[in-house]
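Visitor: I should like to learn how to read a model of this kind, feature by feature. Please take me through it.

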Amino acid sequence: MERKRSRTAFEKHTVPCPHCGKAVLDHMTQCPFCSGKLEPAGYRPMDEKKRRRIQIIANVIGFAAAAAVILWLIFGR
Ligand SMILES: [Zn+2]
């Protein structure tokens, strides 16, 4: 039962390519089969919050990396 549900969830994330008709993931911007341009159906403005959170995490990681380099320059030699 669980297996069937997860499969359905996967199928929900696929859309037929408008150019070649093959199933492609809905977040893709280019068809992997025919290289045709795709409209990413998975994109919604509501994802802005999630995207912002990811960007904050990326900034923290970037800051930590920069701090590590600075500390290495000061104390590492
Ligand atoms: Zn295609």
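**Reading the model**

Guide: Let us begin with burial. A residue is buried if 20 or more other C-beta atoms lie within 10 Å of its own, exposed if 12 or fewer, and partly exposed in between, with C-beta atoms placed from the backbone. Here, buried residues make up 1% of the 77 residues in the chain.

Visitor: What are the conventions for numbering and confidence?

Guide: Residues are numbered from 1 along each chain as its sequence is written. The model is predicted: local features need pLDDT of at least 70, side-chain atom pairs count only at pLDDT 80 or more, and totals for chains, interfaces and linings use all residues. The term pLDDT denotes the predictor's confidence in each residue, from 0 to 100. The chain averages a pLDDT of 83, and 75% of the residues score at least 70.

Visitor: How many helices and strands are there in the chain?

Guide: Helices (H or I, at least four residues) and strands (E, at least two) are DSSP runs, numbered from the N terminus. The chain has 2 helices and 2 strands, in the pattern α-β-β-α along the sequence. Among these elements, mean pLDDT is lowest for helix 1 (residues 2–12), at 61, and highest for helix 2 (residues 48–75), at 94.

Visitor: What should helix 2 span, at 1.5 Å a residue?

Guide: The expected span of a helix is 1.5 Å times one less than its number of residues. For the 28 residues of helix 2 this gives 40 Å, and its end C-alpha atoms are 40 Å apart, which agrees. Of those 28 residues, the number buried is 0, so helix 2 lies largely in the open.

Visitor: Which residues does C34 touch, beyond those up to four places away in sequence?

Guide: Two residues are in contact if their C-beta atoms, placed from the backbone, lie within 7 Å. By that criterion C34, in the loop between strand 2 (23–25) and helix 2, touches C17, H19 and C20. The C-alpha atoms of C34 and C20 are separated by 6.6 Å, although the two residues are 14 residues apart along the chain. C34 counts as partly exposed because it has 14 C-beta neighbours inside 10 Å.

Visitor: Is S35 exposed or buried?

Guide: S35 counts as exposed, with 9 C-beta neighbours inside 10 Å. This residue also lies in the loop between strand 2 and helix 2, and has a positive phi of about 60° although it is not a glycine.
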